[in-house]
Amino acid sequence: MAVKKITTPLTDEVVRDLYAGDAVEITGVVYQARDAAHKRLVALIEAGEPLPFDLKGAVIYYMGPSPAKPGRPIGSAGPTTSGRMDAYAPVLMRHGLKGMIGKGLRSAEVKQAMVDETAVYFAATGGAGALLAQRITANEVIAWPELGAEAVARLEVVDFPAIVVNDCHGGDLYEEGRAKYAREA
Amino acid sequence: MSPVRELDVGTVTEAVKDLCITANYDLPRDVYEALERAKKTEESPVGVEVLKQLLENADIAARDRVPICQDTGLAVFFVELGQDVNLVGGDLGAAIDEGVRRGYQEGYLRKSVVEEPAHARRNTKDNTPAIVHTTVVPGDRFKITMMAKGGGAENMSTLNMLKPAQGWAGMSQAVVDTVSRAGSNPCPPVVIGVGIGGTIEAVTLLAKKALLREIGSVHPDSRIAAMEAELLARINALGIGPQGLGGRTTCLAVFIEEMPCHIASMPMAVNVQCHAQRHKSVTL
């Protein structure tokens, strides 16, 4: 499969060139955040307070790692189910978020927000946490360490493999891929 | 009268610690081989790529002694307690929790348990309490099985209180609908445990126990074996594929177990398991 290499932060130009089904390798900074962190990020936005990182062009990785063994930057680090962040994602996109990495279905509202705000949703392979951890070279918790695996961390990734599921043109690989291979039982 | 064998619960703690760590590092052979077979038959190029990643991931986890998946699960245990075993040295439940505490700490496993789930959702920070299902059996052996049950697939599981008149047509449709609605969420290719009969609590436990069967094993009741084969074919015709990205491999195995139920009832539970089907047993 041909692979598109992209770097973060993402620009609208890069996002527009991504289509459902594209294989990508991501290099640069991505931010780790899942359930509890999303609740807090949106609460800060609603209160008009600053966020722990700049959302402009940012990519969030829905992930809560296992603890790092000595000498390693991170433990196993595969994606969690993205749908639980659907309630928060449109607000974040309206404030500059350009990319989300996770796994699993997104709501109609989130998909519409990707079209309206020029953003993209990538799937990484769920359950491949040992493999994906090898593409993460640095890990620094930058907010809410008391949340443990749910804290916000700044991760540096190199050639992190993912597939474009939802693009900013309305494409949806979960629907298209499934329709292509469905057949009568 | 048969002799009673003493077993110190400290032995159980040590065994539980080891089970937690090794179950999370070493993908069972039957699952690995099922993924290898799927890689050969999968028609979707993206699906093949995903299956390759899963096999490579299992190799890395086993070699580097790291978790297969960062979601190292709720620690679920099935205990078969021989009625001629006399447990000494402390409380069995506390001994199992201590094993979980040590295993999740020493094994660098993620702590994924929150207490007060309806409000505070505070992490207990040691992955306790464990969930323990105990059955008393004849004999003087103590068998304990650990299952590391991740949240993503568990969330897609269903309990269906059907009408007896719906029969197999209704039951099989409910299983297919459960997997279809789940789509990419539970990390396919999945393994499906189905319980039929009993009561609401018995049928869900039956579905979970069904997941302990070895992939490739054939149910001794040929009627149930045929139902399992039919469901596997129907699920794999959905097109969901590895990670839901489209393909032929949505499910590696369907395991069905049944038990008697009330004349008015047709309970059916579907326990969805991700491809990281992690469980391990030891007999003490």
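Across the interface of chain B and chain A, 20 residue pairs are in polar contact, with both residues at pLDDT 80 or more. A polar contact here is a pair of N or O atoms within 3.5 Å, where, within protein, one atom must be able to donate a hydrogen and the other to accept it, and where residues adjacent in sequence count only if both atoms are side-chain atoms. The model is a predicted one, in which local features need pLDDT of at least 70 and side-chain atom pairs count only at pLDDT 80 or more, while totals for chains, interfaces and linings use all residues. Residues are numbered from 1 along each chain as its sequence is written, chains are lettered from A and ligands numbered from 1 in the order in which they are written, and side-chain values use heavy atoms, with hydrogens and water left out.

## The interface of chain B and chain A

The same interface holds one salt bridge, a term that stands for a side-chain nitrogen of Lys or Arg within 4 Å of a carboxyl oxygen of Asp or Glu. B:D64 forms a salt bridge with A:R72, and the closest N and O atoms of the two residues are 3.3 Å apart.

The size of an interface is often given as the accessible area lost when the parts come together. Chain B and chain A bury about 3500 Å² between them, and 56% of this area is on carbon and sulfur atoms; buried area is the accessible area (1.4 Å probe) that two parts lose on being put together, summed over both. In chain B, the residues that lose the most area to chain A are B:Q70, B:Y108 and B:L245, which together make up 19% of what that side buries.

## Aromatic rings

Over all chains, the structure holds two aromatic pairs. Rings of Phe, Tyr and Trp (its six-membered ring) pair if their centres lie within 6.5 Å, and planes under 30 degrees apart count as stacked, over 60 as edge-to-face and the rest as tilted. The pair of A:Y31 and A:F53 is stacked, because the ring centres are 4.0 Å apart and the planes are at 10°. A:Y31 lies in strand β2 (residues 23-32) of chain A and A:F53 in the loop between α2 (35-46) and β3 (59-61) of chain A, so this pair ties together parts that are 22 residues apart in sequence. Both A:Y31 and A:F53 are buried.

The rings of A:Y61 and A:F160 have their centres 5.2 Å apart and their planes at 70°, so this pair is edge-to-face. It links distant parts of the chain, with A:Y61 in strand β3 of chain A and A:F160 in strand β7 (residues 152-166) of chain A, 99 residues apart.

## Backbone and surroundings

Most residues other than glycine have a negative phi, and most peptide bonds are trans. The peptide bond from A:T8 to A:P9 is cis, with omega near -5°, and A:P9 lies in the loop between β1 (3-7) and α1 (12-16) of chain A. In chain B, a cis peptide bond with an omega of about 10° joins B:P188 and B:P189, and B:P189 has its place in the loop between α6 and β9 (190-198) of chain B. A:T118, which is not a glycine, has a positive phi near 55° and is found in the loop between α4 (108-117) and β5 (120-123) of chain A. A:W144 also is not a glycine and has a positive phi, of about 55°.

A:R135, in the loop between α5 (129-133) and β6 of chain A, is 26 residues from A:P161 in sequence and 8.3 Å from it in space, C-alpha to C-alpha. In helix α8 (residues 222-236) of chain B lies B:E228.

The table gives the accessibility of several residues; buried means under 20% relative accessible area, exposed over 50% and partly exposed in between (1.4 Å probe, protein chains only).

| Residue | Relative accessible area | Class |
|---|---|---|
| A:Y61 | 0% | buried |
| A:F160 | 1% | buried |
| B:E228 | 7% | buried |
| A:T118 | 12% | buried |
| A:W144 | 17% | buried |
| A:R135 | 29% | partly exposed |

Key: Helix = DSSP H or I, 4+ residues; strand = E, 2+ residues; numbered from the N terminus.
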